[in-house]
Amino acid sequence: MAIQGIESAVQQLHRAASQAAGNGSDAPVTGGSFADQLSAALDNISDSQNKATMESQAYATGNSPLGLNDVMVDMQKSSIALQTGVQVRNKMVAAYQDIMNMSM
């Protein structure tokens, strides 16, 4: 039951990161180990942050074909993806601490 909850959280994190990166893919994440899935989700978050940073710098220098609204939306998507990742991490740490505090 707890493993399904964690897998669901990782899938949601992956979907949020892929949407923030502009992939728009809502397909469930399948296959691979938990570490691989987590690494891919973190890479997607990093990519979305890098994309948003580059877009904002390009807009600030006047070298961007995008409008201000597109840049701001991408920055917000990146922020939401990061906040989701932090919350998943917090839940995982709390679950780990609960497991470690169990008496046998």
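This is a short chat about a predicted model of a helical protein.

Visitor: What secondary structure does the protein have, in helices and strands?
Guide: The predicted model has 3 helices and 0 strands. Along the sequence the pattern reads α-α-α.

Visitor: How many residues are there, and what share count as buried?
Guide: The protein has 104 residues, and 19% of them count as buried.

Visitor: And what share of the contacts join residues at least 24 apart?
Guide: That comes to 57%, taken among contacts between residues at least 6 apart in sequence.

Visitor: OK, the core. Which residues are in the largest nonpolar core?
Guide: That core has 6 residues, namely Leu13, Ala17, Ala41, Ile45, Ala81 and Val88. Two or more residues each come from α1 (2-21), α2 and α3 (68-100).

Visitor: Now the helix pair. At what angle do α2 and α3 pack?
Guide: The angle is about 150°, and the axes of α2 and α3 are 9 Å apart.

Visitor: Why are α2 and α3 called roughly antiparallel?
Guide: Angles over 145 degrees count as roughly antiparallel. The angle between α2 and α3 is about 150°, so these two helices are roughly antiparallel to each other.

Visitor: Left-handed or right-handed crossing, for α2 and α3?
Guide: Left-handed, as α2 passes α3. By class, the contact of α2 with α3 has 11 nonpolar, 5 polar and 4 charged residues.

Visitor: Which residues of α2 meet α3?
Guide: On the α2 side they are Phe34, Leu38, Ile45, Ser48, Gln49, Lys51, Ala52, Glu55, Ser56 and Tyr59. They meet Leu68, Asp70, Val71, Asp74, Met75, Ser78, Ala81, Leu82, Gly85 and Met92 in α3. Ile45 and Ala81, both in that list, are also among the residues of the largest nonpolar core.

Visitor: Switching to Asn44. Where is Asn44?
Guide: Asn44 is in helix α2, which covers residues 34-61.

Visitor: Buried or exposed, Asn44?
Guide: Asn44 is buried, because its relative accessible area is 15% and the cut-off for buried is under 20%.

Visitor: Which residues does Asn44 touch, not counting those up to four places away in sequence?
Guide: On that count Asn44 touches His14 and Ala17. Ala17 is also one of the residues in the largest nonpolar core.

Visitor: What about His14 and Ser39, how far are the C-alpha atoms separated?
Guide: Those C-alpha atoms are separated by 9.9 Å, with Ser39 and His14 lying 25 residues apart along the chain. Ser39 is in helix α2 and counts as partly exposed at 37% relative accessibility.

Visitor: Last one, Ser18. Buried or exposed?
Guide: Ser18 counts as buried, at 3% relative accessibility. Its place is in helix α1.

Visitor: And how far is the C-alpha atom of Ser18 from that of Asp47?
Guide: The separation is 9.3 Å, and Ser18 and Asp47 are 29 residues apart along the chain.

Terms used: Residues numbered from 1 in each chain as written. Predicted model: local features only at pLDDT ≥ 70, side-chain atom pairs only at ≥ 80, totals over all residues. Heavy atoms only, no water. Helix = DSSP H or I, 4+ residues; strand = E, 2+ residues; numbered from the N terminus. Buried < 20%, exposed > 50% of the residue type's maximum accessible area, 1.4 Å probe, protein only. Contact = heavy atoms within 4.5 Å. Core = buried A, V, L, I, M, F, W, Y, C linked by side-chain atoms within 4.5 Å. Axes fitted to C-alpha atoms, helices over the stretch in contact; angles between N-to-C directions. Parallel < 35°, antiparallel > 145°, perpendicular 65-115°, else oblique. Left-handed = near helix turned anticlockwise from the far one by under 90°. Nonpolar A, V, L, I, M, F, W, Y, C, P; charged D, E, K, R; others polar.
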